[in-house]
Amino acid sequence: MEQPTSTLEEAAMKRLLERDVTLEEIAELVFDLQAPYIENITMDRCLENVKQVLRKREVQNAVLTGIELDILAEEGKLSSPLQEIITNDEGLFGIDEVLALAIVNVYGSIGLTNFGYLDKLKPKVINRLDSGKDSSEVNTFLDDIVGAIAAAAASRIAHSEPKLDSNY
Ligand code: MG
């Protein structure tokens, strides 16, 4: 049965779409993470798990906060030096990853491993967001948020497969 969507959840989903990220793209990352471990994993199952992750208040808050900071940086509305740090996506900033951990932590340590993996490899949508750096787009927080949602959804699936215990 479909549970009703909260206002915060709607706001977070709307923000992701406004920033050109679809839930299907996030589900693709989940699929690639879990395909080696789970036979017959489907895109539908991945998408459903992405949606379940987005139902969590911590996740909604992180999505809204991170995207807001990206947009404010794009509009030049932050104070120096934060304005320059976020616009240039400076490697030593680190708060974008810390904010994303609020998402990852919801599903425990498997999420952390997957998050690190996605952050290093930057597959698919994460790569697209990361390479937007050259334009006027700022996705300093968004690339980590997307990776974190995918990582959390992947751990959610892993936790629902008790047989996998020995593989992790
Ligand atoms: Mg980042």
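Visitor: In which helix is aspartate 70 found?

Guide: Aspartate 70 lies in helix α4, residues 57–74, where a helix is a DSSP run of H or I with at least four residues, numbered from the N terminus. This is a predicted model, in which local features need pLDDT of at least 70, side-chain atom pairs count only at pLDDT 80 or more, and totals for chains, interfaces and linings use all residues. Residues are numbered from 1 along each chain as its sequence is written, and side-chain values use heavy atoms, with hydrogens and water left out.

Visitor: What does the side chain of aspartate 70 reach at 3.2 Å?

Guide: That side chain reaches the backbone nitrogen of threonine 140 at 3.2 Å. Not counting residues up to four places away in sequence, aspartate 70 also touches other residues, including Arg19, Ile86 and Phe141, contact being heavy atoms within 4.5 Å.

Visitor: What makes the radius of gyration of the protein chain agree with a compact globule?

Guide: The globule rule, 2.2 Å times the number of residues to the power 0.38, is set against a radius taken over C-alpha atoms. For 168 residues a compact globule would have a value near 15 Å, and the protein chain has 16 Å, which agrees.

How values were computed
Helices (H or I, at least four residues) and strands (E, at least two) are DSSP runs, numbered from the N terminus. A polar contact is a pair of N or O atoms within 3.5 Å; within protein, one must be able to donate a hydrogen and the other to accept it, and residues adjacent in sequence count only if both atoms are side-chain atoms.
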